[in-house]
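Subject: A structure for you to look through

Hi,

Here is the structure I promised to pass on. Please open it beside this email and follow along as you read.

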Amino acid sequence: MSSLRFLLGMIPSTSKIEQAEKELVAEFDKLNAFIKSDTLANYNKLHELVNSSAFIQKKKEIESLRYKNSEEYAREKEFNSLQKAKDIVIYFKTSSGGMLKRFREMDGSQKIRDFEELESFIKSNAFRQRQKMKPITFKDSDEYRKFAEYKSLKSDPEIKGFLKAAAKGKADNKSKAVLRFEELGKYIKTPEFLAKKNMKPITFKDTEEYKKLLEYNRLKKSVEISEYYKFRASKEYANFLNTDGSARLGRYNELRDYVATPKFTERKNYLLDKKKFEKTEEYRNLREYERLKKNEDIIWYFKIKDSSKFDVLKNKELTFTDDFNGESLDTRKWLSNYYWGDKLLKDRYSVESDLQAYTDKENFEVRNSLLKIITKPQKFNGKVWSPDSGFKNREFSYTSGLINSGKSFRQKYGIFSAKIRLGNAQARNNFWMLADRITPHIDICRTSSGKVWADHFPTPEKGSKKAFGSKFANDFYIYTLEWTQDRLVWKINGEEAFRQTSNVPQEPMYVLLSGGLEKPINGMTTMEVDWVRVYQFK
């Protein structure tokens, strides 16, 4: 059964098919290479990363960060509050001022110790009593008491009597009273007594205590002492003592040092930065992901990777190929003989209906990536095989060539394809398949009787065939057999031309390319083969 397009002659040109396949293969190769590329690997890694819940959450967290909601803000706010606090302000003013320095120099000094010792004396009861003293006159002195005793003795009758007797020169032995009187009389005439008798009254101001009082008052009024005690009694100093070494001051110092660190400044600037996310590794990853997402190859890859575009390539694997790029046949792939001729006869042969003999090399030409199998008039003595009489020699008028992969390659099922210009449709140029016996025999394409044919012979007695126009012989076409377990499908340039679903071969087969004649022709004819490819279904 042929496809409608084939029946209507809507067969794409071979060059377009090849170009399309070439582009498809190139794109498929590009796809496979791209799958292994660092670009895709990086994209997939970033795609997984930026779409992960952890990344999304991290991005959300970073973008939601606000300085006013941060620990840094709370600590700076606390620092600013402490910095403006009256007790802290006064404390640092006191600390840096000269008053505290002078106070500390005075505190505990000899001056202060002397002053406080003097002040302690001035405030003592003994001093206060001394301060209340009455003026001391001559009458309060021992001299006055001696003078009074002298005057008292002078009035004494005994003394008076002695004095009268003495005046007359009649004085007797002196009594103790007289002796005392005379002693006192001499004393009151001494300069010391006379100075004492003439003394001014002694008051408090004449005492050592008064001198100490004056010294105390002088010191108390001195700048050093008054300033010292004024500062010591001040609220400023009380605040200093209360603040110095306190937990509050310790907290202030801790916060002051903290907000002065580069780490704090950097963190604050980061939190205040409205573009903070743009400075993170996450942002760089996101930007790289977005850049790759716009990459032409990435866009192409995701557009094409899950399409059915490459199914024709994905579903088959190249198992045998020859593009005839050398200068001669690749004998690792091809035998230039029938398989059994090479294996058993060790010689070439033709079958009874052939007009040509097969040669080794003379009828092959490999040039410019093209195999030519030439059938030409030539006298040649060769072997011929007859089912009735076996092998015998015969003189042939034509020679041609035959190659097969029976020794190097066989396959059960798959896609068997070749790009061929069959040449003269009156000749018998053939792209065909065999197994170990005469049948099954499949002609993927052959010329005969002015037409191109497709044949299937499951047995020597049974066969089916399909004829196509001679136009297919005159140019290059891609002839394909798709062989599965339950069908054989012949295609020309991708369009179905023939199908068989019965007696499908179930054994490995190999490919053959051959020229030949069933009827004499004028001159020579050439079958040209650009390439042969065999695929296995995946």
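Tyr413 is buried, as its relative accessible area of 17% is under the 20% cut-off. The model is a predicted one, so please keep that in mind throughout. You will find Tyr413 in the loop that runs between strand S7 (402-404) and strand S8 (414-421). Its backbone is worth a look too: Tyr413 is not a glycine, yet its phi is positive, at about 70°.

Asn493 sits in the loop between strand S14 (488-492) and strand S15 (495-500), and with a relative accessible area of 2% it is buried.

Another loop to visit is the one between strand S9 (430-434) and strand S10 (441-448), where Pro440 lies. The peptide bond joining Thr439 and Pro440 is cis, with omega at about 5°.

Now for a pair of helices. Two packed helices are described by the angle between their axes and the distance between the axes. For helix H11 (residues 157-168) and helix H12 (residues 176-187), the axes come within 10 Å and cross at roughly 75°. H11 and H12 are therefore roughly perpendicular to each other, because angles of 65 to 115 degrees count as such.

Which residues meet there? On the H11 side they are Glu158, Ile159, Phe162 and Leu163, and on the H12 side Ala177, Val178, Phe181 and Glu182. Sorted by class, this contact has six nonpolar residues, two charged ones and no polar ones.

Happy exploring!

Technical notes. Residues numbered from 1 in each chain as written. Predicted model: local features only at pLDDT ≥ 70, side-chain atom pairs only at ≥ 80, totals over all residues. Heavy atoms only, no water. Axes fitted to C-alpha atoms, helices over the stretch in contact; angles between N-to-C directions. Helix = DSSP H or I, 4+ residues; strand = E, 2+ residues; numbered from the N terminus. Parallel < 35°, antiparallel > 145°, perpendicular 65-115°, else oblique. Contact = heavy atoms within 4.5 Å. Nonpolar A, V, L, I, M, F, W, Y, C, P; charged D, E, K, R; others polar. Buried < 20%, exposed > 50% of the residue type's maximum accessible area, 1.4 Å probe, protein only.
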